[in-house]
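Please look over the sequence and the structure below, and then read on.

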Amino acid sequence: MFVCSFACFAQSKMYVKNDGKTNLALKNEPKLFAKSSVKVAVGTEVNILQTSADGKWVYVEVAARKNQKGWAKKSLLSQRKPSTTKSASAKELALAGKGFNSEVEDLYAQSGMGNFEPVDLIESFSVDPDSVSDFLSSGLLKGGE
């Protein structure tokens, strides 16, 4: 019993993971399209206060600011403090997703073998979570989970 208590306590402190974004939006409830209550930066230490019934969400408080609390996907937290140094740009990540780097894309463009402008255009689209939530609500779609 002592080992379990120690393991459970050791996991109560976690850090916001680097998932390609600079901030994590803590939610008011454990749902993907729930309203955001607080945004915390990558590397921020948080304390786990509660876990959802399905184990996918955790209710956390920001360690340095106990009054900032909210729900986060457990997969967006890490037991190790992540690096907060900037790595790849959004364009570099998009090229990597295609299996390219900028030199390869330039070669394809020069040879006429590929036009990536439509792909780049689609990759530039973004929709904020509140708009998605409004769309789901007005479209009578179920919860977005």
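## Salt bridges

A salt bridge is counted here where a side-chain nitrogen of Lys or Arg lies within 4 Å of a carboxyl oxygen of Asp or Glu. By this rule, the predicted model holds two salt bridges. One of them joins the side chains of lysine 31 and glutamate 29, with 3.8 Å from N to O, and the other joins those of glutamate 61 and lysine 66, with 3.5 Å from N to O.

How far each partner is covered can be stated by relative accessible area, where buried means under 20%, exposed means over 50%, and partly exposed is the range in between (1.4 Å probe, protein chains only). Lysine 31 is partly exposed at 40%, and glutamate 29 is partly exposed at 37%.

## Basis of the model

This is a predicted model, in which local features need a pLDDT of at least 70 and side-chain atom pairs count only at pLDDT 80 or more, while totals for chains, interfaces and linings use all residues. Residues are numbered from 1 along each chain as its sequence is written, and side-chain values use heavy atoms, with hydrogens and water left out.

The pLDDT, which is the predictor's confidence in each residue on a scale from 0 to 100, has a mean of 77 for the protein, and 72% of the residues reach 70 or more. Over residues 1–11 the pLDDT is below 50, and this stretch has two contacts in the model beyond near neighbours in sequence; a contact here means heavy atoms within 4.5 Å.

## Overall layout

Helices (H or I, at least four residues) and strands (E, at least two) are taken as DSSP runs and numbered from the N terminus. The protein has five helices and seven strands, and from the N terminus on its elements follow the order α-β-β-β-β-β-β-β-α-α-α-α.

Of the 145 residues in the protein, 23% are buried. The protein exposes about 10300 Å², of which carbon and sulfur atoms supply 57%; such areas come from the Shrake-Rupley method with a 1.4 Å probe, and for residues only the protein chains shown count as cover. Among contacts between residues at least 6 apart in sequence, 49% join residues at least 24 apart.

## The nonpolar core

A nonpolar core is a set of buried Ala, Val, Leu, Ile, Met, Phe, Trp, Tyr and Cys residues joined through side-chain atoms within 4.5 Å. The largest such core has 13 residues, among which Leu24, Leu26, Val40, Val60 and Leu77 touch the most other members. Two or more residues of this core come from each of β1 (13–16), β2 (23–27), β3 (36–41), β4 and β5, and β5 gives the most, with three residues.

Leucine 77 is placed in strand β7 (residues 77–78) and is buried at 5% relative accessibility. Leaving aside neighbours within four places in sequence, its contacts include Met14, Leu24, Val46 and Val60. Leucine 77 and leucine 24 are 53 residues apart along the chain, and their C-alpha atoms are separated by 9.6 Å.

## The aromatic pair

Rings of Phe, Tyr and Trp (its six-membered ring) pair if their centres lie within 6.5 Å, and planes under 30 degrees apart count as stacked, over 60 as edge-to-face and the rest as tilted. The structure holds one aromatic pair. The rings of tyrosine 59 and tryptophan 71 have centres 5.3 Å apart and planes at 55°, so this pair is tilted. Because tyrosine 59 lies in strand β5 (residues 57–62) and tryptophan 71 in strand β6 (residues 65–73), the pair ties together parts that are twelve residues apart in sequence. Tyrosine 59 is partly exposed at 24%, while tryptophan 71 is buried at 10%.

## Two further strand residues

Asparagine 47 lies in strand β4 (residues 45–51) and is buried, with a relative accessible area of 16%. Beyond neighbours within four places in sequence, asparagine 47 is in contact with residues including Ser12, Tyr59, Glu61 and Lys66.

Lysine 39 belongs to strand β3 and is exposed, at 61%. Not counting residues up to four places away in sequence, lysine 39 touches Asn23, Leu24 and Ala25.
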